[in-house]
Each structure stands twice: as structure tokens, then as C-alpha cells.
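This report covers selected strand pairings and salt bridges. The sequence and structure come first.

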Amino acid sequence: MNTRTFLQKIWPSVPILLAALVITLLLLIVSDNSPLVTYEALWTGSFGSADRTLSTLAFWVPLLLCSTGLLVTFTAGLWNIGVEGQMVMGAIGASWIALRLSAANPAIPGWIIIPVELLTAMGLGALWAALAAVLKIRGGVHEIFGGVALNSLAIIFTNYLISGPWQPPEGGSFRGTQPFPQQALLPLLDPSRFSPLSLGLALLALLAVVLTLRGTHWGLRLKALGKNLRGAFILGVSSEREAILAMMFCGALAGLAGSVRVLSWFDSLRQSISGGIGFLAILIVLLAGMRPLWSLFIALVFSALLNGGTIVQLRTQLHSSLSGIIQGTLVLFVLLFGDFDRLFGPNQPQSEVMEVADE
Amino acid sequence: MRVELQDIHKVFGLVHANRGISLILEPGSIYAVLGENGAGKSTLMKILSGFQKPTSGTILLDGKPAIFETPIDALQRGVGMVYQDPADFPPLRVVENHLLAYDTKFQLAFTAAADTLHTYAQRFNFHIDPQVHVDSMTLGERQQMEVLRLLALGADLLILDEPTTGISAEQKEALFNTIRRLAYEDQKTIVLVSHKLEEVLELCSEVFVLRQGELAGSLKLPATANDLVKLMFGQETERTERSPIDAGKSVLTLAHASFGDRRLTCESIDLSLRESEVVGLAGLEGSGQGLLLRAAAGLIPLKEGKLTLDDLPVEGKRSPFFWMPWVAGLFFLIRLVMLMIGRVSGAIVGLALLGGIAVAAILSATIWLISEILIVWTSESAYHQFQKRGGAFVPAGRLEEGLVPNLTLTEHMALVTPDHQFTVHWDRAETSIKELIQRYNIIGRPNSLVNELSGGNQQRTMLALLRNPLRLVLLEHPTRGLDITSANWIWDLFQERRLEGTAILFMSADLDELRERSDRIAVFSGGEMVGLVDANEITVEDLGHMIGGQRA
């Protein structure tokens, strides 16, 4: 897709963005704050300097990975709420390798240890997702409930590890494990927490998913399942097999996102490892209406807002929840006016035409 | 109420569905609206019942112009419609369904509503218990409920769309009596939309025939069926002849098969089909013939007995890893025993035991998870096995089960092409679907979504997507809702398949169709197969008696 068609696709979101800004503007004026200063702080906080931009990018990568995975499960009609837990399990997997393998054998170079970490993270994330899928298929547990339960389990497991077996030598602090050795971390773009490698992987994953959903037989089967489970089954699609596969695919990407969190954003396994990224990613994909390019863009906007929020707080004493407010208004406006295809689409009454063509 | 339609036009994009239709409906009469599929009947009725607005033209009720914004609007002015698929809420009870139409602000008047229903039901001899949940009622009962509801709401003009599809003979009789009484005693206006000419001839006093969106003419009854057909098609249409074909070797066998669902169980059914043979399944809706069709496809499991296709059992492929979950359990037990031995001998103490159990649990859970993944991966459902061996199942619910809404025709083509390659060859799929679109007369383009097609075209699409070679095809109501020409066309198609040796098993509510299209007919009543008869040797009346429960 060239730039022009991309812009054509993206432009209807501009008025919505503007509307959200205007609403927050009114809020700021009502609450006696200078909107100019606040927006400026928001901008500097997200893209104002190389430093801040890199930070925004660093936050963007796991968000992008999770949304990419969710594109697959949503296409298959699965509500993978468990993406958060899958991310946490990925983080645990990467930490396991970093703490047990790398710390014990400092001689193993990064180019060996990092792929092992990433693959372990993906594997663990995929297994955690498969658990939700198997519960659904074998036990009839809806993936939303299974996912929520597995999310809590993953977080409890993290807490146990941090305060138990993996606590730092100087004593458990409930905050995190000891920092991983340097060679176990992703190569960072100094002095930030942004790893170009992770962005490359995320973009690659997105590209792979786009191509899979457009051009492969598996992608088509998932699409059919998502639109009509029963019909797809009658036409010969094995719903159970594809559901497990789709969940594992998403789990692997979520796991990768988790490893990016521990290996670049942090340098150790923390309690707050997920940062709500999994849930945010669900919101992003739904807002984007499962369109890959849109989710890429919306994920970037959200990442910028969250990153800018902290600077706003420092500069203006406004609480950082301002970004939350902007986010909320964005969501509201998209939900209210967001069906662009219907608003701006060229040939809307078409479906009605065909319907009666020979009833 | 005297209803007058004046010069009604309805345009959908390029399609002119109604072109200047004018007609007058007098109180105390029963009218029929006839027409081929696509003639514009449904559109006209939707306009009359407030479901859609006309592009131009007026509706006069007792001489006063009326504009309906919604069906509720129309109902308040006395126009009610009984849809072919009942517009009710299956999870609710009858009385609750009834109360939905009344805005009683806060409190629901259950007793009053039940009384009203009871009064109307008694008058027309309907047996409807207001406290029963709608999803446990038959289609006919739901339709009766709908009629009662509309009457209670004060409908003066009652439109019934294909009211006799899927209901029993008794229910049909009760419905017709009701219609007559409503028209002749209560002076209501009745409009019947139907494909069944005999019913129209039996019941109605005047017929309006639509052709290509225009009113082709009207006819006062009594008249002959041939007159009607002439008016509808411009010529007489006969059902196409079915040439006898010698049946070959056995294709499908059900031996002592028992199967069922929550409502009905069929015990010990025996049936076999040979190559090129057509067997029809007769019976009232829900008598077991539908279950049989699904059991034969492997869609519902057999409780007992055997299902074979070409002498091979259809029972699903069990995974070669089926034993693995047991290994996980065994592993856990062994660890547990070892831990206990360690504890007794004093090697393991206190917390270490708990930790050991936890580790064992996590490890065995992992083994279990992996084995479950492998099992799902390597097993195959009975239905997919049936499909791979050359069986096909064409459900009645086109968009519910047969096709995938919001996928295009090309995507459907690519989906059913047994394609073991990784990527989809879109150009190849498009070429094949174009060919099929032409051959099967589907009005649509390769990139049309299936839900944009009309019912008849969806039906043709499902048939076009059948795989080759086809050993056996199971059909649920293959021609329901289609006019004679379309139905003939579809049966001609199956005739071609028969020449290739395909066996056909189908269910239908149309006794004439069953008699004319089948070699043998299996008759079901209350979950039992009450007879398996030669189609050439049975009359429609005898068939009717058997459906009612009489043995052959």
C-alpha cells in the first residue's frame, strides 16, 4: 500500500482526534489549567525529544505485538482476554533463561542467549494460551472466563517467583528480581529503553499476520470460523484445531511482548510487568475494527498519550490521568462516530440491492 | 378495513422491485398474492406491513392515506403480519412474548394477558399454554401464538407469509378454519402469500399475481390450478420427469442405529442407500427424520448401532495419542508415591513435601496440556471423515449453517477447495467460482458476499460448492421456499448427479415432491420409522395417513 492510499484510509480519524482534543481542552479550561502548557507538555512528553520519542517507541513495541496477536484470535472469533496473562508468562519464561542460564553461565554470548530467551517466552505464552483453548474445547469453559482466571494465576505466579525462588540475594522486596546480566538484555539504543530489534520483530510479526490473513488457507479458515463457526464446520473446517492454533499464535506473540518488557523496558522481572498492555491491546484492536494498519497507528497514539502523561504531571501538577481522559474520549468518539466505512464509503446501499434482487 | 394500494413503487438501487402496483383489499375476503421467486411479493408485503417504506405511492386505509414508519405503526393502524419465521422470542414464555407488545409502563399484567390469550385460543381451538416456553413449541404453535397476538392487538388486516410451511396437517386445518372465521365472521381482511396453489384454491376468494415487480393480473376464484399457473408463468409448468436409474452397490448403511437430542430419541433405525438411489424422508417437523439426516452425516453421535459409508465405518478418527493424558495422571501419582516414601524414610520434611507436590502437579499439568493439544491436532470428527469420503450435507439454514455470512463467493470457493497448499490461489478460486456462477445460474459476482444473495441464489451456491466426486448427498428441505421452476432446476441438477452414481437422501414437507422425486420413502412419526415404501406405489393420501402415525 502506498502512502497516498494509507493517508486516504487514515484521514477520517483526524476529526475524531481533534474532537477528543477539544473536549479535553474544555475540561482543562473549566479546571483552570492552561491548555497550551498542558498540550505542549503532552507533546514534549511523547515526541518532544529523541529521548522521549524512543521511550514512546519502546512502549509501543509490546502493545503492537499484543494487538498483532489479537488480530488473529479476533479474526477467528475468539475473545482472548487472557492475552495479559500470556504476556506475563512470556516475561517469566524470558526471565527464567536470563536468571538461571545466563547468570550462571556468563560466558554464553548474547546472540545465543537472546534467541533462547525469546523462544522460551513465545513457547510459554503459547502454552498458556493453549490452556485457555483446551479448557474451552474440552471443558466448555468460555475463553473469556478461562482467560481471566489464567491472568490472575499468571500474576500470582509472578509474585510467588519474585518473593520466593527468584528473590534477589539481598532479600525479597516484592518489587522485582535482581537485574539480569548485561548480555541477557536486548541491545538498546542508548540512552533509552528502546530496542530496535524488538521493533523489527514486531513489524515483521504484523506483516506476517497481514499476509497470513489475506493470503493463506489457514487465514481464510480462521476468517470463516470467526464469521460463522457452524457454517465453517459444515464446510469442512476443523474448528477445534484452528481455535487452538490461533490461540497459540496469539499467545506466542504476547509472550514475545512480555519478553520485550523484561529484557528492554525493565531489566528484571517486576510485579507490574504487564502494565495493562494486554488489555489496552484488546481496546486497540476493537477500536481499529481489526484492521492491521489502524491498530498500528492507534497503538502509537496510545503509547504517546501514556508516555506524555507523566511529563504533564511533572510540569503542570495535573494528574497523569489526563492521558486516560483523552484516551477515554477518543474511545467514546470512535464508538459514537467511528464506522468510517459506512459514513464515508462510496456505495452503501449495495447490500440492500442484492438482497431483493430475486427474493 | 378496506385497504387500497395506489401505484406502489419500490426501488433498491438498480432493482425495481415493485413497479406501480395498485390493488384493493375488501373486508371479509381472503386474498392470495402469488408470484415466482423475485416477483416482488415479499417487498410488497413488507411495504404493507410497515417493514419498508415505498419509494412512491400511497396506502389508503378506509380511504385515509397512511404512512407507516415501523411495523408497530402499521399494527396500531390495524395491519399485522405473520412472518414465515416467527418473530418471537424463543427463550421467553408465551405470556411474556405476548406482554412484550403492550407498554404497561411498570407492572406486567400476567393474569390479564393469559386470560386474553386463553379466550382467543379457545375460540379458534388452539391448544396453547400461556406458561410454556416458546422454544419448546412447534413452528405451527408459534404461528398460532403470533396470530393470537396480532388479533389481541387489534389487527384488522392480517398478512400471512407462507403460513403452511413446516406445520402439521392438523395445524394447517386449524389455521384455515381460523382464517375463514376471521374473514367471514369478523369481517377481517386476510392476505396469504403462498407457493402452494392447492391451498390458495381451497381458501381464497381472489388471487393477485405478481410478475417481475408488476401486477400481472388478478383472478376471482374458483378457478383451476392451470389458470393460476398460466397467469404466474405465462405458460403451464410441469414438474420435470424423473427417469428411473438402476441402483448400484450399497453406499450408506445405518444398522440398528439409535440417536437423539434433548427432545426426541430414535431407536434402532435401519436404512441403506445404494448408488444412484433417492430416498425421501417424510414426517411432521420434528418426527425424527431431521435427526436421522444429521446422524447419517455424523453430525450427531450414534448411541448404538453402526453407520457406514462405502462399507467403511464413519465414527471419527481417534487420535493415536489418546492415552497420553493418562500418562500425565500416572506421572503425578508416581511422583506423589515417591514423595511419600521419602517422607516416611525421613528424607523429605515439611515444606519440601508441599513444594514437591506443587512441582509434580505443574509438570503433570504440562504433560496433560501438551497431550490434549496433540489429541485435538490428530483426531478428526465423524462429520469431516464423512465429508472426506465423498459425503455431503446441505442444511436448510443457509446462512446459519450452510454458508458463512460476510465471506464472498470466491472465499467460499477457496475454503471448500481441498487445498493442501499453504497459500490460497485466489485467481484459481475466482476462475472456478465464475464457472460455477454461470453453470448454476447464480445471480451474483465472485466478490458478492453470500448474505447479499437472495435465498434461491444462496441455495444454488450451496449446491455449487458440493465437492466432486460425490458419493452421497444429504439434503434438508432442498426446495423449501422456491417456486416450481427453481425447484425443477435443482432436481434436474441432482438427476445429473445420480447418473454419476450419487445417492441422495432428502427430507421434505412437500408430499408431492417426496412422491415424485424419490425411489423409496421412509416415513417418520414420533421418532419411529413407521414405514419404508416404494414411492411409485403409494398415494399422497396414504402417505399422509402414515405421517399421522398409521403403519404401512
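Is B:Asp88 buried or exposed? The model is predicted, and in it B:Asp88 has a relative accessibility of 10%. Because buried means under 20% relative accessible area, B:Asp88 counts as buried.

**Salt bridges**

Over all chains, the count comes to 27 salt bridges. Three of them are listed here.

| Pair | Closest N and O atoms |
|---|---|
| A:Lys223 and B:Glu411 | 2.6 Å |
| B:Asp88 and B:Arg142 | 3.0 Å |

A:Lys223 forms a salt bridge with B:Glu411. This pair crosses between chains, from helix α9 of chain A to helix α14 of chain B. A:Lys223 is partly exposed, at 24% relative accessibility, while B:Glu411 is buried, at 10%.

B:Asp88 forms a salt bridge with B:Arg142. B:Asp88 is in the loop between β6 and α3 of chain B and B:Arg142 is in helix α5, 54 residues apart. B:Arg142 is buried, with a relative accessible area of 17%.

B:Glu275 lies in the loop between β12 and β13 of chain B and B:Arg471 in the loop between α16 and β17, so the pair ties together parts 196 residues apart in sequence. Salt bridges with shared partners also join A:Arg230, B:Arg294, B:Glu401 and B:Glu476 into one network.

**Strands**

In chain B, strands β11 and β14 run antiparallel and are joined by 5 bridges. B:Leu254 has B:Leu307 in β14(B) as its bridge partner. Strand β14(B) is also joined to β15 of chain B, antiparallel, by 2 bridges. In the hairpin of β14(B) and β15(B), 2 residues lie between the strands, and B:Asp310 takes a positive phi near 50 degrees.

Conventions:
Residues are numbered from 1 along each chain as its sequence is written. Chains are lettered from A and ligands numbered from 1 in the order in which they are written. This is a predicted model: local features need pLDDT of at least 70, side-chain atom pairs count only at pLDDT 80 or more; totals for chains, interfaces and linings use all residues. Side-chain values use heavy atoms; hydrogens and water are left out. Two strands pair if DSSP finds at least two bridges between them. Helices (H or I, at least four residues) and strands (E, at least two) are DSSP runs, numbered from the N terminus. A salt bridge is a side-chain nitrogen of Lys or Arg within 4 Å of a carboxyl oxygen of Asp or Glu. Buried means under 20% relative accessible area, exposed over 50%, partly exposed in between (1.4 Å probe, protein chains only).
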